[in-house]
Amino acid sequence: MDSASSSARTVAACVIGGIVLGASVVALHLGAGPAAPSLPPVEALRRRFRRRHRPVRVYMDGCFDMMHYGHCNALRQARALGDELVVGVVSDDEITANKGPPVTPLHERMKMVRAVKWVDDVIPDAPYAITEDFMNKLFNEYNIDYIIHGDDPCLLPDGTDAYALAKKAGRYKQIKRTEGVSTTDIVGRMLLCVRERPVSDNQSHSSLQRQTKISHFLPTSRRIVQFSNGRGPGPDSRVVYIDGAFDLFHAGHVEILRLARGLGDFLLVGIHTDQTISSTRGPHRPIMNLHERSLSVLACRYVDEVIIGAPWHISKDMFVTCELGLSLGKLGPLIYIC
Ligand code: CTP
């Protein structure tokens with residue numbers, strides 16, 4: 001054998017050896033033994049690639065009664081744990097059986113949840129507890145990867161954990177509950193406001209004073225940034241402006257914001273100050289303070305930007321200031337809805 005053919009054989013042996021070794025490493029990495037791989041490596045790799053590149057779908061359920069910014073913040077955090085967020089809205093009957101009757105009916109709660117900008121899909125009439133059947137439906141029909149809930153205990157009337165099965169399956173994740181707000185707290189504020197009304201009307205008890213007693217919400221710039229879109233209007237945007245109190249953000253607000261957004265390409269919402277609302281609607285209002293109202297509006301998918309504390313009277317100056325505030329784009333033709 002001459003030296004040329006011997007070195008050719010050595011090279012060929014190295015190449016074949018390398019291929020075999022590579023295939024074995026790939027097969028081992030994929031969890032199959034090298035001697036009898038269940039799938040050709042390329043197909044296994046392709047499947048793994050497809051699996052990895054499938055969006056991670058997360059599921060959060062809840063009552064979302066009198067939807068508030070605490071719920072929106074829960075949905076925001078849940079969405080951040082995956083690529084797509086599916087929300088199960090618990091049926092009226094299930095809420096009644098587990099917590100007592102809801103204030104807002106299912107169709108309104110659905111509308112509110114759907115309007116939140118971090119929500120991709122909504123399932124109506126979700127069960128209060130994750131049952132085995134429903135969990136399998138979530139995994140197999142809705143391709144859900146994880147079930148998510150706030151870090152508060154969610155107990156059934158018999159004292160058991162509503163998420164026990166999801167936890168056991170290793171498919172449960174938790175987000176941080178937002179302090180300072182709950183449906184019960186809001187109903188409490190409303191009752192307080194009704195009780196105080198005759199007294200406050202006479203004594204001009206300011207809503208602001210009352211709110212500092214009952215609102216435990218601490219607004220931070222980080223929270224506002226988390227809720228913001230961070231985008232201004234484009235150079236040729238048709239900017240629509242709408243203002244109001246947006247107190248106890250509800251399905252009617254969502255509907256008008258949807259319609260307003262439909263009139264242009266950028267919706268700017270002016271939110272009146274607590275003082276403006278107290279002086280125009282009575283000292284017992286608003287129920288939610290300026291920052292709380294701003295977060296609820298900002299979470300709405302139809303809203304692009306808010307003015308936190310908009311003046312009652314619209315002036316030319318205000319829009320000049322606005323233009324500075326929205327310096328990413330120049331305000332185009334402006335539509336004002338009143
Ligand atoms: N949630 C939250 N922060 C709040 C209120 C609710 O993170 N301040 C979360 C809950 O942990 C849950 C989701 O929002 O994952 C939906 O909550 P929901 O079923 O509506 O009920 P509650 O937790 O009882 O909310 P609330 O007390 O406001 O009715």
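Biologist: By class, how many nonpolar, polar and charged residues are in the lining of the largest cavity?

Modeller: Good place to start, and keep in mind that this is a predicted model. The lining of the largest cavity has eight nonpolar residues, one polar residue and no charged residues.

Biologist: How is such a space found, and how many cavities of 30 Å³ or more does the count give?

Modeller: The general idea is simple: rolling a probe the size of a water molecule over the atoms shows where empty space is left. Here the count comes to one cavity of 30 Å³ or more. The largest cavity holds about 60 Å³ of space.

Biologist: Let's turn to pockets. What volume does the largest pocket have?

Modeller: A pocket is an open set of points, whereas a cavity is one the probe cannot get out of. In this model the largest pocket has a volume of about 750 Å³. Its lining is made by 34 residues, and the closest to the pocket centre are Cys63, His71, Lys99, Arg177 and Thr183.

Biologist: Which elements give two or more residues to that lining?

Modeller: They are strand 1 (57–62), helix 3 (69–80), helix 4 (92–99), strand 4 (146–150) and helix 8 (183–203). Helix 8 gives the most, with four residues. Sorted by class, the pocket lining divides into 17 nonpolar, twelve polar and five charged residues.

Biologist: Over how many bridges do strand 1 and strand 4 pair?

Modeller: They pair over three bridges, in the parallel sense. To see one example, look at Tyr59, whose bridge partner in strand 4 is Ile147.

Biologist: One last residue, then. Is His253 buried or exposed?

Modeller: Compare its relative accessible area with the cut-off: buried means under 20%. His253 has a relative accessible area of 14%, so His253 is buried. You will find His253 in helix 11 (residues 251–262). Leaving out residues up to four places away in sequence, His253 touches Phe246, Asp247 and Leu248.

Note on methods: Residues are numbered from 1 along each chain as its sequence is written. This is a predicted model: local features need pLDDT of at least 70, side-chain atom pairs count only at pLDDT 80 or more; totals for chains, interfaces and linings use all residues. Side-chain values use heavy atoms; hydrogens and water are left out. Buried means under 20% relative accessible area, exposed over 50%, partly exposed in between (1.4 Å probe, protein chains only). Contact means heavy atoms within 4.5 Å. On a 1 Å grid over the protein atoms alone, a cavity is a set of points where a 1.4 Å probe fits but cannot get out, and a pocket is an open set with protein on both sides within 12 Å along at least five of seven lines; lining residues have an atom within 4 Å of a point. Grid points are joined across faces, edges and corners, and a volume is the space filled by probe spheres set on the points. Ala, Val, Leu, Ile, Met, Phe, Trp, Tyr, Cys and Pro count as nonpolar, Asp, Glu, Lys and Arg as charged, and the others, Gly among them, as polar. Two strands pair if DSSP finds at least two bridges between them.
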